[in-house]
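Visitor: I have a model open and a few things to ask about it. Can we go through them one at a time?
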Amino acid sequence: MTEITPIEYVKGIGPQRAERLKKELGIFTVLDLFEYYPFRYEDRSRFYKINELNAESEKVQLIGEVHNLKVTGNGRQKRMTAVFRDETSAISLVWFKGIDYFKKNITPGIKYVLFGKPSHYKGTLNFVHPELEPVSEAKLKKGAQFQPVYNSGEYLAKLGLNSKGFEKAIRNAFIEKHREIKETLPDYFRKKYQLINRKQALINIHFPESLDQLQQARFRLKFEEFFFIQLQILKSKHFKKEASAGYVFEKVGEHFNNFYNNKLPFELTGSQKRVVKEIRKDTASGKQMNRLLQGDVGSGKTMVALLCMLIALDNDFQCALIAPTEILATQHYQTLAEQLEGTGIKIDLLTGSVKASKRKILHPELESGEIKILIGTHALLEDKVKFKNLGFVVIDEQHRFGVAQRSKMWKKNTRPPHVLVMSATPIPRTLAMTLYGDLDVSVIDELPPGRKPIETIHKYDRDRLNVQGFMKREIAKGRQIYVVYPLIEESENMDYKDLMDGYESITRDFPPPQYRTSIVHGKMKPEDKEYEMQQFAAGKTQIMVATTVIEVGVNVPNASVMIIESAERFGLSQLHQLRGRVGRGAEQSYCILITGFKLSADGRTRMETMVRTNDGFEIAEVDLNLRGPGDLMGTRQSGILDLKIADLAKDNKILQYARNAASELLKADPDLAHELNKPLKRAFLQFQKDRPDWGKIS
Ligand code: ADP
Ligand code: MG
């Protein structure tokens, strides 16, 4: 085995730079340096003409001559200007610094290659501090079509490692040390999945000579990055599946068939049918199911859950449905009770506010198996909640539930019951696959037919009068309206003040008895909340002023307007959740986002995204791009998501491809024991040593 060269011994680095590279970038060896990828490339594959440029042009390359060099002003006002000409037009150049140097080194009248981004100045375009290189020299540069650009930092740049410095060091390292690069994927495997070899990929990612080369290099390296992660996840998942045998739901019987044929109030969507089948297959397999069901708000996840629970009942098991809030649990209970009316199936509700007297009846009924479906909140997790034969657990809104909590439910029967986790915060599939190693994923990707897309409008505070007029017109048509205020723990008191001020001004502008307004927030007693919700659900109040407690699940089909105050303070997925509270009935629904006039760039993107699309998955991807995956799931500390080249938000297809490859490999050679897989096994062991935590997530 060849030794791997420590970074200080790479030509042109030395101890001082090495120390910085280790400290700032975690580059310890020449191999780490090879994996320090450019973050973008400057495209020098074509030359532009001056008359093609406009205010939106990116960095471009021109050929022409420099004329009229002129120095004006003194001190801070000192500048040099010149005119750059090609056969189509002329454009001015400006320098504020290094004037003496440039004046001496620029020769008027010879041909230059100019490289830079045109800027917009007083209605015309110019170049500020462009790069200029005589054509003769520029041509001699090898592989200069795509110039790699590297991230650097102040200290590194001082030590000569700016982007150009990195380029040079990496070029040298390739010349001297390329032998240290080891292939990680065997020939047969690369052929099968059409991957170029590792050394070529590394060279081409830094110094591509064509777009094609660059793409192949990227593909290979991204594939590899995902592949080893997936290998680890699938291996541990394999292990877990072996470990936990699950109950077998042998048959589909009367409960299901009776409901499906006589009670189902609508035709299932194709996606719903597919997911029911997937779950049916899981629960018949003899292994415990752990499945994540993703579906946009309103896509009908609850019906899928109900149908699967009926299959569990057909096999003499009990079911539990857990929701994150009392309001949501209560609503689920009401909906299911209504849907199951006349079937003789006993269901009940258990939340923190259920009285001791009621519990006294409930517990024995649960233990005797009389209650078939128990719906509730975290209260269900308590040890004293015992079932006779729990077989199927549904957890709604997964993002508030950790693994630890999930596993509490596992212990409520001799074997762990099947678990279906439903999430209405669509996590981009890439992220789900990466994060939930032990969960299989099902997706409902269509909405029930006949839904009118919600119209979303962004308004500023100063448009408030306008919005009021709109509200009055909608109420006159018989509709109901939500008005939501942000509530963030850190500024709780101020937020409550905003909420109360808002409530007061609404009752002023919409005075009773003509108008009636409800209010719901986290500081109220459960029974008061419940009362207010009921009033609104029953249509006795037209306006519901609330904090985000209504975010999840609440279902009032006649409510068709969602007004979100200080919308800039909400995250994208939260805005989308809130919007999902309307658009549930036959009427055209609206979502109005109200913000201050001044918005951050992020804030503006969030508003624009909401206005542009209703697609939860698209929104989740934008969210991921804006916030980075670390923020999304509280995975920041785990550091698991700092990928070197692959992008969770964008490389979904490659991830799936790599996951497939990993799964096929494990099928063929579960222990990677085959002679041909030797290099792969070596690389995998190294990967596990570097990233020991990948398998344990979720
Ligand atoms: P989710 O929990 O996925 O946000 P729900 O299960 O609350 O969505 O469903 C939203 C609404 O759509 C409910 O009123 C439900 O009865 C209705 N629904 C569900 N599936 C269908 C379907 N296939 N056709 C028509 N309406 C449906
Ligand atoms: Mg729901």
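Guide: Start with Cys-308, which is buried in this predicted model, at a relative accessible area of 2%.

Visitor: And Cys-591, buried or exposed?
Guide: Cys-591 is buried, with a relative accessible area of 0%.

Visitor: Switching to ligand 1. Which residues come nearest?
Guide: Glu-267, Gly-298, Lys-301, Thr-302 and Arg-451, out of 16 residues around ligand 1.

Visitor: What is the make-up of that shell, nonpolar, polar and charged?
Guide: The shell around ligand 1 has four nonpolar residues, seven polar and five charged.

Visitor: How about Ser-299?
Guide: Ser-299 also contributes through its backbone: an N or O atom there is 3.4 Å from an oxygen atom of ligand 1.

Visitor: And which part of Lys-301 is involved, backbone or side chain?
Guide: The side chain. One of its N or O atoms lies 2.7 Å from an oxygen atom of ligand 1.

Visitor: What share of ligand 1 does the protein bury?
Guide: The protein buries 79% of the 560 Å² that ligand 1 exposes when taken alone.

Conventions. Residues numbered from 1 in each chain as written. Chains lettered and ligands numbered in written order. Predicted model: local features only at pLDDT ≥ 70, side-chain atom pairs only at ≥ 80, totals over all residues. Heavy atoms only, no water. Near = heavy atom within 4 Å. Polar contact = N/O pair within 3.5 Å; in protein donor to acceptor, adjacent residues only side chain to side chain. Areas by Shrake-Rupley, 256 points an atom, 1.4 Å probe, with all protein chains shown as cover. Nonpolar A, V, L, I, M, F, W, Y, C, P; charged D, E, K, R; others polar. Buried < 20%, exposed > 50% of the residue type's maximum accessible area, 1.4 Å probe, protein only.
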